[in-house]
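Hi,

Here is the structure I promised to pass on. My notes follow it, starting with the ligand and then moving out to the strands and loops.

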Amino acid sequence: MRASNPSKRVAVVGAGLAGSAAARRLADAGHDVQVFDKARGAGGRLATRRAEWIDRQDAPRTTRLDHGAPGFGARDDRFRAFVAEAVGAGWLTPWTPVWSSAGLGVDERAELFVAVPEMPRLCRELLAGIDCGWNEPVEGLLRGGARWRLRRRGVVLPDEYDIVVLAMPPVQAAPLLIPHAPGWARTAARVAMRPCWTLMGISEPTRAPPGWQAARPPQGPLDWLIRNETKPGRERRDDEIHWVVHARADWSAERLEAPGEQVQDELEAAVDDWLGESLRWKHALVHRWRYALPPVEAVEPGHLHWWDRLQGLGVCGDFLGGSGVEGAWLSGATLADAVLASGTGARGRGRASGADAAAEAA
Ligand SMILES: Cc1cc2nc3c(=O)[nH]c(=O)nc-3n(C[C@H](O)[C@H](O)[C@H](O)COP(=O)(O)OP(=O)(O)OC[C@H]3O[C@@H](n4cnc5c(N)ncnc54)[C@H](O)[C@@H]3O)c2cc1C
């Protein structure tokens, strides 16, 4: 969709999938888009850790472990079309893991998709050619003369924008929204994101090689066990297993502020219990996802994003789009479509969606 109005300056805050999808569509429509993220690169929770360690021969090694979303499904037709294009372009590839037979309730035919060779590639490709600022934590939005400016590390940046898109977990978006959209800020602050402690690392092979590539234990502390080296396009070696293990949300919540060493010991013990043998780790570490997944129930049924066309302020993310990677993409893509359809900043142009109406009431 080409921009019906003259090109606008757009700041997208957050380079996860929601922000990347919105940025790509708005840039393709001719808008001048700039992306800001507090992290060192794109991807957000589509994350891959480059674990650096020394092997037994004293050789330095770097092993990539996808410690955020392990893979994702595609159900919505719009998302399926995007995924098909990304598969065609070689950014994504299907992965139908062999599931542990103890993974009760798993649909063993379910096709997942993974980015190759690591998860953030999907966002990096979407952002190709777009001006991105890394290590840029945005901590305030200022509005004056119908334009936006951003504050970061106590400094108000000189650039002005017609539109700001916030594409970050709701708890982080809430403080930025308070002065401009207090109703949204209240709703965002109330969203109870679910945490996840993740154990990842490299072990020696197990006594009997697991006949599975992914497992969903039906009970206990562990939610997912993934053998990362079995995913397409990942490094594989006969003398190693590459693990990513996600703890359940309730278990993680109970230990949210616990020291990492304690959580690592508990998770390693839980893995040993599940496998029925003591894993010999070559390298292992834990990561705490404070905001891993939104609640299962929709935050605002029927609203995939929030868009206030009068202020030129939009919000997207998995918490609005319906959870997970698909929800994040749908939220960002539909927000961009709403921006383009409404004619930015022009009162009354374009049909107000439910979300637009909600924005105006907020
Ligand atoms: C452990 C784990 C397992 C998961 N498993 C699955 C799964 O099996 N299937 C599935 O579909 N989904 C899964 N997910 C969820 C999926 O990864 C997310 O739904 C999706 O990636 C969210 O994308 P997003 O763009 O909405 O947010 P994010 O990816 O969180 O992106 C937000 C971005 O905003 C940036 N940011 C935040 N605040 C600021 C600020 N103030 N200034 C600048 N930048 C800021 C962050 O650095 C981040 O890059 C999992 C997630 C985790 C963590």
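Let me begin with the ligand: one of its oxygen atoms has a polar side-chain atom of Asp37 at 2.6 Å, a polar contact in the sense of a pair of N or O atoms within 3.5 Å; within protein, one atom must be able to donate a hydrogen and the other to accept it, and residues adjacent in sequence count only if both atoms are side-chain atoms. Before going further, please note that this is a predicted model, in which local features need pLDDT of at least 70 and side-chain atom pairs count only at pLDDT 80 or more, while totals for chains, interfaces and linings use all residues. Residues are numbered from 1 along each chain as its sequence is written, and side-chain values use heavy atoms, with hydrogens and water left out.

On the nitrogen side, a polar backbone atom of Gly71 is 3.5 Å from a nitrogen atom of the ligand. Of the 1000 Å² of accessible area that the ligand has on its own, the protein covers 91% (Shrake-Rupley method, 1.4 Å probe; for residues, only the protein chains shown count as cover).

The shell holds 37 residues, and the closest are Asp37, Arg45, Val138, Asp318 and Val325; a residue is near the ligand if one of its heavy atoms lies within 4 Å of it. By type, the shell divides into 21 nonpolar, 11 polar and 5 charged residues. Here Ala, Val, Leu, Ile, Met, Phe, Trp, Tyr, Cys and Pro count as nonpolar, Asp, Glu, Lys and Arg as charged, and the others, Gly among them, as polar.

**Strands**

Helices (H or I, at least four residues) and strands (E, at least two) are DSSP runs, numbered from the N terminus. Two strands pair if DSSP finds at least two bridges between them.

Strand β11 (residues 163–166) is covered on both faces, with Ile163 and Val165 buried on one side and Val164 and Leu166 buried on the other. Buried means under 20% relative accessible area, exposed over 50%, and partly exposed in between (1.4 Å probe, protein chains only). Strand β1 (residues 9–13) runs parallel to β11 and is joined to it by 4 bridges, with Val12 opposite Val165. β11 also pairs in the parallel sense with β18 (residues 313–315), over 3 bridges, and there Val164 stands opposite Leu313.

Elsewhere, β8, β9 and β10 form, in that order, an open antiparallel sheet. β8 and β10 (155–156) are at its edges with a single partner strand each, so one side of each has no neighbour in the sheet.

**Loops worth a look**

Val116 and Pro117 are joined by a cis peptide bond, with omega about 0°; Pro117 is in the loop between β6 (112–115) and α3 (121–126). Asn135, in the loop between β7 (131–133) and β8 (138–144), has a positive phi near 55° and is partly exposed at 38% relative accessible area. Ala146 has a positive phi too, about 65°, and counts as exposed at 53% relative accessibility.

Best wishes
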